[in-house]
Amino acid sequence: QVQLVESGGGLVQPGGSLRLSCAASGSIVRIYKMGWYRQAPGKERGLVAAITSGGSTNYGDSVKGRFTISRDNARNTVYLQMNSLEPEDTAVYYCNALILSSSSSPVVNSWGQGTQVTVSS
């Protein structure tokens with residue numbers, strides 16, 4: 001049983017910033033990768049950013065140079081710093097983690113419930 005809890009979403013003006021966080025808890029042996037995905041109405045869920053336990057990162061093309069993902073392995077927490085936000089960034093943001101669990105399958109792909117980010121004047 002692994003849980004991901006997101007926080008930090010909200011309403012922000014274009015050009016503003018938000019910082020999202022996601023904390024994992026439960027029967028965790030190791031988290032191999034954590035990341036953020038987003039989904040806007042009528043669109044498919046897509047990658048925002050991801051980071052491995054070793055610190056390697058990758059970003060969706062539309063957020064490169066504006067968003068930064070980071071991780072605190074000791075606290076099983078991932079952060080997403082979002083700067084220069086645009087209306088097109090409006091979406092539900094979901095935390096994702098690839099986890100080695102002691103209570104179930106060797107590897108589990110977990111998702112949070114999502115947090116709404118709205119960018120509007």
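Predicted model: local features only at pLDDT ≥ 70, side-chain atom pairs only at ≥ 80, totals over all residues.
Residues are numbered from 1 along each chain as its sequence is written, and side-chain values use heavy atoms, with hydrogens and water left out.

**Strands around E4**

- Strands (E, at least two residues) are DSSP runs numbered from the N terminus, and two of them pair if DSSP finds at least two bridges between them.
- Strand E4 (residues 28-39) runs antiparallel to strand E9 (residues 91-101), with 10 bridges joining them; Tyr37 sits opposite Tyr94 in E9.
- E4 also pairs with strand E5 (residues 46-52), again in the antiparallel sense, over six bridges, and here Lys33 faces Thr52 in E5.
- E4 and E5 make a hairpin with six residues between them, and Gly42 in the turn has a positive phi of about 80°.

**The nonpolar core**

- A nonpolar core is a set of buried Ala, Val, Leu, Ile, Met, Phe, Trp, Tyr and Cys residues joined through side-chain atoms within 4.5 Å; buried means under 20% relative accessible area, exposed over 50%, and partly exposed in between (1.4 Å probe, protein chains only).
- The largest core has 27 residues, and Met34, Trp36, Leu80, Met82 and Tyr93 touch the most other members.

- Glu6 lies in strand E1 (residues 2-7).
- Glu6 is buried but has no salt bridge (a side-chain nitrogen of Lys or Arg within 4 Å of a carboxyl oxygen of Asp or Glu); the nearest side chain of opposite charge, Arg45, is 8.3 Å away.
- A polar atom of the Glu6 side chain lies 2.9 Å from the backbone nitrogen of Cys95, and one lies 3.3 Å from the backbone nitrogen of Gln113.
- Beyond four places in sequence, Glu6 touches residues including Trp36, Tyr93 and Tyr94.

**Asn76, in a loop**

- Asn76 is in the loop between E7 and E8 and is partly exposed, at 22% relative accessible area.
- Its contacts beyond four places in sequence are Cys22, Ala23, Ala24, Ile28, Ile31 and Met34.
- The C-alpha atoms of Asn76 and Arg30 are 8.9 Å apart, with the two residues 46 apart along the chain.

Technical notes
Helix = DSSP H or I, 4+ residues; strand = E, 2+ residues; numbered from the N terminus. Contact = heavy atoms within 4.5 Å. Lys, Arg positive; Asp, Glu negative; His and termini not counted. Polar contact = N/O pair within 3.5 Å; in protein donor to acceptor, adjacent residues only side chain to side chain.
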